[in-house]
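Trainee: I have a model open and I'd like to learn how to read it. Can we go through it feature by feature?

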Amino acid sequence: MTDGFKGLRVYNTLTRAREDFVPFDADNVRMYVCGPTVYDYAHIGNARPAIVFDVLFRLLRHLYGADHVTYVRNITDVDDKINARARRDYPALPLNEAIRAVTEKTADQYHADVAALGCLTPTIEPRATEFVLPRTDGLTDMASLIQSLIDRGHAYEAKGEILFDTESMPTYGGLSRRKLEDQQAGARVAVEAHKKNPADFVLWKASSPEEPGWDAQFTIAGAPLAIRGRPGWHIECSAMSAAYLGEVFDIHGGGLDLIFPHHENEIAQSCCAHGTDRMARYWMHNGFLQVEGRKMSKSEGNFITIHELLATEKFGGRSWSGEVLRLAMLMTHYREPIDFSVRKLEEAEAVLDGWYRAVGDLAVDGGDCATVLAALCDDLGTTGAIAVLHELRGEAAKGNEAARAALKAGAGLLGLLPSTESDWFAAKASGADIDTGAVDALVEERLRHLREKNFAEADRLRDELTAQNIQLMDYKDPETGDRRTRWEVKR
């Protein structure tokens, strides 16, 4: 391990403590984050880890260099929920074709959604279906990992399933800190009599003739065993992370809800299959999300997809930009629960309006963002970073050019302010179906009346624009001292 400490400290779920982040290899910092299961459009709860770990990705690239960070985020495109959705949505198609139709559509929508949120593309984005059986390139696959677990005495066959034997791993439960005798198998795993222990979980399950499956070959106690089936949920991430990041890597991230059983079982599989004492050195988890004070669910009527938020009027009677959603998420520390609300989005939009006015049409972000960087290096402290940006905005508004450049650069570390003031407000006007040319003409006409001291007509034009939800902001040109006017759509 090389000494790669750059001042970054993170909270490690595994140790329940903040630790200095020291990668195994500073020339190749490696991070894996659990991605979407593409059976339906991603909801705003899915947006949080996408944004949180995108900020971490940006920070690591800033600290170690863009070419020295490998970020893997998977696509789960094999799952019983996908099978059910395929049968429901495409009953006339053969199941495999229907599954492909579902997963391609929802994966494409996910990519469009997270791009709108300002998220960078991960270095690698593997799909689970490409790692089920042994590959010609030799990268780790699920069937081979399962065979290794069998060979090492950590897996057994029962009723056409291959299961992980949790009692074979003395340290099982170390991440969630649950005692084995108190654990029950979690999501996607049935508790049945054929299991040695209720916590044992499926590595491979048989498929019926009408279900999708792969022809896998295993050897148990020297005897060959062919099972046409499909992988359990947890083995997928163990295979894909090992394929691109190795048996042990730096950071594993995801939502708090994944600690048990998913991440716990990933650790069990990976460590037992490879004979290592760890899977990842640092485990980072973002907190839960609720909507307007209630748990988000379809039964509550407050289930919102990212696409609906961006493209419809379902939430707050209007659509919202991806940048507003991104800032609204970052205004709460990633480990804290977040109450997502219309008010929070309105607050985030107002903040962005102010920041864009302060940076103006500055396109280059070459400012000194050391104070923002310091805040982010304290366990991804986005709330502290935002506080610094507010201070810089105040100084920039007074004409401080260094603060203006630092605001632009510091916001860039958070994936914010990628545009210019002109483009930001033009986009808002376009989204509100405003004739920007007509507004500009009225604004200039009002300015002419003000120069001519025809205040009554100038006030009439202001009132006319206000009736169209156009807000005017007068200011002095810093070079000539002449009166100028900015305008924006008031939501």
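This is a predicted model: local features need pLDDT of at least 70, side-chain atom pairs count only at pLDDT 80 or more; totals for chains, interfaces and linings use all residues.

Trainee: How many helices and strands does the protein chain have?

Mentor: Helices are DSSP runs of H or I with at least four residues, strands are runs of E with at least two, and both are numbered from the N terminus. Here that gives 15 helices and 16 strands. The C-alpha atoms fill a box of roughly 95 × 60 × 40 Å along the principal axes.

Trainee: And what share of the residues count as buried?

Mentor: Buried means under 20% relative accessible area, exposed over 50%, and partly exposed in between, with a 1.4 Å probe and protein chains only. Of the 491 residues, 54% count as buried. Ala98, in helix α3 (residues 95–116), is one of them, with a relative accessible area of 0%.

Trainee: How do I check the span of a helix?

Mentor: The expected span is 1.5 Å times one less than the number of residues. Helix α1 (residues 44–64) has 21 residues and reaches 30 Å between its end C-alpha atoms, close to the expected 30 Å.

Trainee: Which of their residues are covered?

Mentor: In α1, 18 of the 21 residues are buried. In α6 it's 16 of the 16, so α6 is largely enclosed by the rest of the structure.

Trainee: How do α9 and α12 cross?

Mentor: Axes are lines fitted to C-alpha atoms, for helices over the stretch in contact, and angles run from 0 to 180 degrees between N-to-C directions. Helix α9 (residues 342–359) and helix α12 (residues 401–413) have axes that come within 9 Å and cross at roughly 130°. That makes α9 oblique to α12; angles under 35 degrees count as roughly parallel, over 145 as roughly antiparallel, 65 to 115 as roughly perpendicular and the rest as oblique.

Trainee: How many disulfides are there?

Mentor: A disulfide is a covalent bond between the sulfur atoms of two cysteines. The rule used is a pair of cysteine sulfur atoms within 2.5 Å, and the count comes to zero.

Trainee: What backbone angles deserve a look?

Mentor: Most residues other than glycine have a negative phi, and most peptide bonds are trans. Glu292, not a glycine, has a positive phi of about 50°; Glu292 sits in the loop between β12 (289–291) and β13 (294–295) and is partly exposed at 41%. Leu417 also has a positive phi, near 55°, but Leu417 is buried, with a relative accessible area of 2%. A cis peptide bond joins Phe260 and Pro261, with omega about 10°.

How values were computed:
Residues are numbered from 1 along each chain as its sequence is written. Side-chain values use heavy atoms; hydrogens and water are left out.
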